[in-house]
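Please open the model in your viewer and keep the sequence panel beside it. The stops below follow one another as selections, each with a note on what to look for.

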Amino acid sequence: AVEANGGNLTLNEPNGVRVDDLLVATIGYRGVGINFTLPASWTQIQAQTSGDDIAGGIANGVMAYIKRGASAPSFAFTRTGGGIARGVVVAYRGVDTTTPIDVSASATAGAASTTVTAPTITTTVTNAMILFAGCGSDDGLSSAQTAATSPTTGWNERHDSLTSTG
């Protein structure tokens with residue numbers, strides 16, 4: 001994971017990525033009205049702008065994807081200001097490169113909670129992989145944040161990270 005305290009966030013390409021791999025970037029951040037601009041050729045999957053409820057633990061977030069070409073895409077997600085942002089890129093191989101994203105859904109918590117609930121989603125493709133990303137924020141005291149646990153069997157965690165900067 002890469003972290004920035006305000007301004008731009010340049011993520012890292014995962015090791016071993018090949019042409020036609022699907023790259024998915026997920027960024028959690030806080031900052032009222034300070035949204036990220038995606039690098040060229042990235043496609044937004046979902047975005048949540050829930051404000052700057054730092055003490056309540058409700059964060060903003062964006063998820064985007066790009067199919068890896070012969071050269072590396074830009075990983076510089078830009079914004080003017082804002083608070084802490086933390087992001088990661090994961091790669092997937094063997095994905096339908098014509099239509100890598102079947103459907104998407106998002107939800108924002110209405111109040112502070114220690115549980116993140118994914119929205120209902122119905123895929124239109126048999127054997128589709130379901131990808132979930134969740135983020136939260138705090139007032140800078142990471143004691144309120146803990147590592148995620150999978151909700152049921154059948155889920156595989158690819159990334160989990162915390163920061164003491166909120």
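In what follows, a residue is called buried when its relative accessible area is under 20%, exposed when that area is over 50%, and partly exposed in between (1.4 Å probe, protein chains only). The model is predicted, so local features need a pLDDT of at least 70 and side-chain atom pairs count only at pLDDT 80 or more, whereas totals for chains, interfaces and linings use all residues. Residues are numbered from 1 along each chain as its sequence is written, and side-chain values use heavy atoms, with hydrogens and water left out.

Begin by colouring the chain by pLDDT, the predictor's confidence in each residue, from 0 to 100. The protein chain averages 80, and 73% of the residues score at least 70. Where pLDDT is low, the predicted coordinates should not be read in detail.

Next, switch to a cartoon and select the strands, which here are DSSP runs of E of at least two residues, numbered from the N terminus. Two strands count as paired if DSSP finds at least two bridges between them. In the order β1-β7-β3-β5-β4, 5 strands form an open sheet with antiparallel pairing. The edges are taken by β1 and β4 (43-48), each with a single partner strand, so one side of each is left without a neighbour in the sheet. Neighbouring strands of this sheet are turned by 15° against each other on average, direction ignored; the axes behind this value are lines fitted to C-alpha atoms, and such angles run from 0 to 180 degrees between N-to-C directions. Zoom in on β3 and β7, which pair in the antiparallel sense over 8 bridges, and find tyrosine 29, which stands opposite alanine 85 in β7.

Now show the nonpolar side chains. A nonpolar core is a set of buried Ala, Val, Leu, Ile, Met, Phe, Trp, Tyr and Cys residues joined through side-chain atoms within 4.5 Å. The largest such core has 19 residues, of which Leu9, Leu11, Leu23, Ile27, Phe36, Trp42 and Phe77 touch the most other members. Two or more residues each are given to this core by β1, β3, β5 and β7, with the largest share, 4 residues, coming from β3. Apart from this core lies another, of 7 residues, among them Val24, Ile45, Met63 and Val90.

Finally, display the charged side chains. A salt bridge is a side-chain nitrogen of Lys or Arg within 4 Å of a carboxyl oxygen of Asp or Glu, and by this rule the count comes to 4. One of them joins arginine 86 to glutamate 3, with the closest N and O atoms 2.6 Å apart. This pair links distant parts of the chain, arginine 86 lying in strand β7 (residues 84-92) and glutamate 3 in strand β1 (residues 2-5), 83 residues apart. Arginine 86 is partly exposed at 23% relative accessibility, as is glutamate 3 at 30%.

Move on to aspartate 21 and arginine 93, whose side chains meet in a salt bridge (2.6 Å, N to O). Aspartate 21 lies in the loop between β2 and β3 and arginine 93 in the segment after β7, so the pair ties together parts that are 72 residues apart in sequence. Is aspartate 21 buried or exposed? Aspartate 21 is buried, because its relative accessible area is 3%, whereas arginine 93, at 46%, is partly exposed.
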